[in-house]
Amino acid sequence: MNLLTEAEAADLMRCSRSKIKRLRLSGALPYLPGRPVLIDEADLIAMIDAMKGRSVQKHPQRNLARPEEARRWAMQAVLLRRDRRKKD
C-alpha cells in the first residue's frame, strides 16, 4: 500500500490540490483523515479507471456525417437562422 499526500496525488493526476480535495469531500476518492490527509494510490487509480469507464459510456461511438453534410447542417442551423440576423 502506497500512501500519497494531496499534493502528490495532484501531481500524479496533473491537476490542482483543490480538485483532489473536491474529489475527497464529494466521496469520489477515499482517503485517510489526518494531518496530512493520505490517499491510497490504489484508490486513486481505481477512481481514474471508474472515471474513464463513465466517460466512454457518456459519449458512445457517434456516426459521423460526411463533411458536406456537416457543412450544410451548419449553414442551416447556425448561419441562416432568422433570429441571428440584424433587423433594420
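How many helices and strands does the secondary structure of the protein come to? The count is four helices and two strands. The legends below describe a predicted model.

**View 1. The whole chain, with its elements in order.** Starting at the N terminus, the elements follow the pattern β-α-α-β-α-α. The protein has 88 residues, and 15% of them count as buried. Its accessible surface is about 7700 Å², with 53% of that area belonging to carbon and sulfur atoms. When contacts between residues at least 6 apart in sequence are considered, 46% of them join residues at least 24 apart.

**View 2. Confidence along the chain.** The mean pLDDT of the protein is 80, and 74% of the residues reach 70 or more. Among the elements, strand 2 (residues 38–40) has the highest mean pLDDT, 95, while helix 4 (residues 67–79) has the lowest, 73. Residues 56–62 have a pLDDT below 50. Apart from near neighbours in sequence, this stretch makes zero contacts in the model.

**View 3. The crossing of helix 1 and helix 2.** Helix 1 covers residues 6–13 and helix 2 covers residues 17–26. Their axes come within 8 Å of each other and cross at roughly 105°. Angles of 65 to 115 degrees count as roughly perpendicular, so helix 1 is roughly perpendicular to helix 2. On the side of helix 1, the contact is made by Glu 6, Ala 7, Ala 9, Ala 10 and Met 13. Helix 2 contributes Arg 17, Ile 20, Lys 21, Leu 23 and Arg 24. Sorted by class, this contact has six nonpolar residues, four charged residues and no polar ones.

**View 4. Leu 23 and the residues it touches.** Leu 23 lies in helix 2 and takes part in the contact with helix 1. Is Leu 23 buried or exposed? Its relative accessible area is 13%, and buried means under 20%, so Leu 23 is buried. Leaving aside residues up to four places away in sequence, Leu 23 touches Met 13, Ala 28, Leu 29 and Met 47. Another, Met 47, is 24 residues from Leu 23 along the chain; the C-alpha atoms of the two are separated by 9.6 Å.

**View 5. Arg 14 in the loop between helix 1 and helix 2.** Arg 14 is located in the loop that runs between these two helices. Its phi is positive, about 60°, although Arg 14 is not a glycine. The relative accessibility of Arg 14 is 79%, and exposed means over 50%, so this residue counts as exposed.

View 6. Where is the place of Pro 36? Pro 36 is in the loop between helix 2 and strand 2. The peptide bond joining Arg 35 and Pro 36 is cis, with omega about 5°. With a relative accessible area of 49%, Pro 36 is partly exposed. The C-alpha atoms of Pro 36 and Ala 7 are separated by 10.0 Å, and these two residues are 29 residues apart along the chain.

Technical notes: Residues are numbered from 1 along each chain as its sequence is written. This is a predicted model: local features need pLDDT of at least 70, side-chain atom pairs count only at pLDDT 80 or more; totals for chains, interfaces and linings use all residues. Side-chain values use heavy atoms; hydrogens and water are left out. Axes are lines fitted to C-alpha atoms, for helices over the stretch in contact, and angles run from 0 to 180 degrees between N-to-C directions. Angles under 35 degrees count as roughly parallel, over 145 as roughly antiparallel, 65 to 115 as roughly perpendicular and the rest as oblique. Contact means heavy atoms within 4.5 Å. Ala, Val, Leu, Ile, Met, Phe, Trp, Tyr, Cys and Pro count as nonpolar, Asp, Glu, Lys and Arg as charged, and the others, Gly among them, as polar. pLDDT is the predictor's confidence in each residue, from 0 to 100. Buried means under 20% relative accessible area, exposed over 50%, partly exposed in between (1.4 Å probe, protein chains only). Accessible areas come from the Shrake-Rupley method with a 1.4 Å probe; for residues, only the protein chains shown count as cover.
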